[in-house]
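Reader: I would like a close look at one part of this model, taken slowly and with every cut-off stated. Please treat it as one connected account.

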Amino acid sequence: MMLSMTSCRDTAAPESLAANDVITSELSRVSQSFGSQQVLRDLSLEVRRGETLVLIGESGCGKSVTTKLLAGLLAPTSGDVLWEGRLVRNRRPAEVQRDRLKMGYLFQGAALFDSLNVFENIAFGLRENTQMREPQIREIVLDRLREVGLPETVREKRPSDLSGGMKKRVGLARALAMSPQIMFYDEPTTGLDPVMSGVINELILQTQKQRQVTSVVVTHDMTTVREVADRVIMFYSLGKLEPHEPQIVFEGSNQELFASDDPRIVQFVRGLPASRRLHQTSEAAGKTT
Amino acid sequence: MTPIRAIGQFVIDCVVLLGDLCTFAWTLCGWLIVRMPRGRVLWPILFEVGVSSVPVVCVTGLFIGMVLAVQSYDTLSQMHFQSQIGSVINGTLVKELGPVLAAVMLAGRVGSAMAAEIGTMKVSEQIDALRALGADPIAYLVVPRFLACFLMIPALTMIAEGVGIFGGWFVSTQVYGISSHFFWTYSDRFVTGFDVITGVFKSMSFGAAIAVIACQRGFRCGSGAEGVGRAATESFVASFIAILAIDFALALLSIQLVKLLWMLGISVT
């Protein structure tokens, strides 16, 4: 009910960037295994400049792994990762490191450094990668704190003293400190109350709008899908697929997603347990006949 | 699984682990040459590894020295050699027990904590966050810890030896009535500068091994709290075995070196 009341976002890419439809990060026939467990199989997908791509799918189907591959934080077991059309594995480590700084990553649990306070967390990338002086770093850190709606007073706090929503916001401020061109959000609203989820969704939209960044969002939250997605990709667990079936079961706009009658998509979007999905599917089949 | 297959699997696992350790150490060496850690990162770790370990090293060193005096006096007095107790206490502490004791304390107090800390960082994606923020995890996490262990352990060893010798001297002179003059005279006669240098070299080797093993275990930590706990335990067990193995190898090497120097006409004893 709540989902239907939420307005869908226009699926077109921002005007200023629509003409410049260049692939920024791409996976080409990538497979990923951890030990004997295969998570991704022969997966190809691209992220276009300026768009907000949302990855959905049940837990363990490989969404987070996909973003880590796209961001170059993980090397694929087989297949290729390309940035700006160039193979990442053919680049020199320094070049990869430099290009990675163009990407910001908001981790699922925010992944703030426990040993550093909020200020030091946000300043980390600037201190490690730039020759900026401390006053300049301080100015940027305070700017980012304001941008994510946190008061200056939190800067001395340790991550352990922050609430889940504050951690996510500090994580976002840290990722934005380096002015990235692509932002990856790994389950940004998971574990947050609806109000804080709304705040985070608003921040994603605001970041995309103000900074014109490309965004890749991993989420289970249908509100996030409705509010931020330009394009949606839905993954399916390999364990539930036949060997010849592709792992991506849906690719399209959020409106197409919510209008889909594929039982796998309907089940996920409506959050139905497997038994109810089977029941519903058989009912639908009965009606058809 | 048949016993032969189990043995084969164990051997393969050991070879893989050793190979991984070597690769890890090689990457670490590369970063040691390329970029030294910033003071802001290094100083707190030097303090944690060095200064914070002093009390525990002092206490254990003191008791080891006193126990050595008790046990040695009992044996030496049966042969009426009790006045030479200083040579036994000093020789044992400087050549073997001091470096090994400091290393075991470091492996238990610091090595396990390092493995658990890095393991927790891995589990909570902080290591991925380091990469995402343009910092190499080996350079940022391992290099300062390696340097701290490598540089601080000789000082800890010296402290352990000094306090242990004091404990041994105290028991020998105050409890058993051995003359302080004889205690120091025999100590001086049987402990040479070469022994002290060998002990320091040993301790540096132990420190390097502890840091590499602890950090490698942290980086290869399994998921969840269980994985972190296992990484800390494995770190201590592997470090302890490595300390004993390195000690044995270096003991053999130092004896060969003494022989070689003697053949060249240089006496170090």
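Author: A residue counts as buried if 20 or more other C-beta atoms, placed from the backbone, lie within 10 Å of its own, as exposed if 12 or fewer do, and as partly exposed in between. The model is predicted, with local features requiring pLDDT of at least 70 and side-chain atom pairs pLDDT 80 or more, whereas totals for chains, interfaces and linings use all residues. Residues are numbered from 1 along each chain as its sequence is written, and chains are lettered from A and ligands numbered from 1 in the order in which they are written.

On that scale H80(B) is exposed, with 8 other C-beta atoms within 10 Å. H80(B) sits in the loop between α3 (54–78) and α4 of chain B, where helices (H or I, at least four residues) and strands (E, at least two) are DSSP runs numbered from the N terminus. Although H80(B) is not a glycine, its phi is positive, at about 60 degrees. E125(B), in the loop between α4 and α5 (126–132) of chain B, is also a residue other than glycine with a positive phi, near 65 degrees. E125(B), however, counts as buried, with 21 C-beta neighbours inside 10 Å.

Leaving out residues up to four places away in sequence, I210(B) touches A103(B), L106(B), A107(B), G111(B), C149(B) and S239(B), where contact requires C-beta atoms, placed from the backbone, within 7 Å.

I210(B) also belongs to the contact between α8(B) and α9(B), to which α8(B) brings residues including F206(B), A209(B) and I213(B), and α9(B) residues including A238(B), S239(B) and A242(B). Helix α8 (residues 193–219) and helix α9 (residues 224–263) of chain B pack at an angle of about 150 degrees, with their axes 9 Å apart; axes are lines fitted to C-alpha atoms, for helices over the stretch in contact, and angles run from 0 to 180 degrees between N-to-C directions. The two helices are therefore roughly antiparallel, since angles over 145 degrees count as such, those under 35 as roughly parallel, 65 to 115 as roughly perpendicular and the rest as oblique.

Methods
Two residues are in contact if their C-beta atoms, placed from the backbone, lie within 7 Å.
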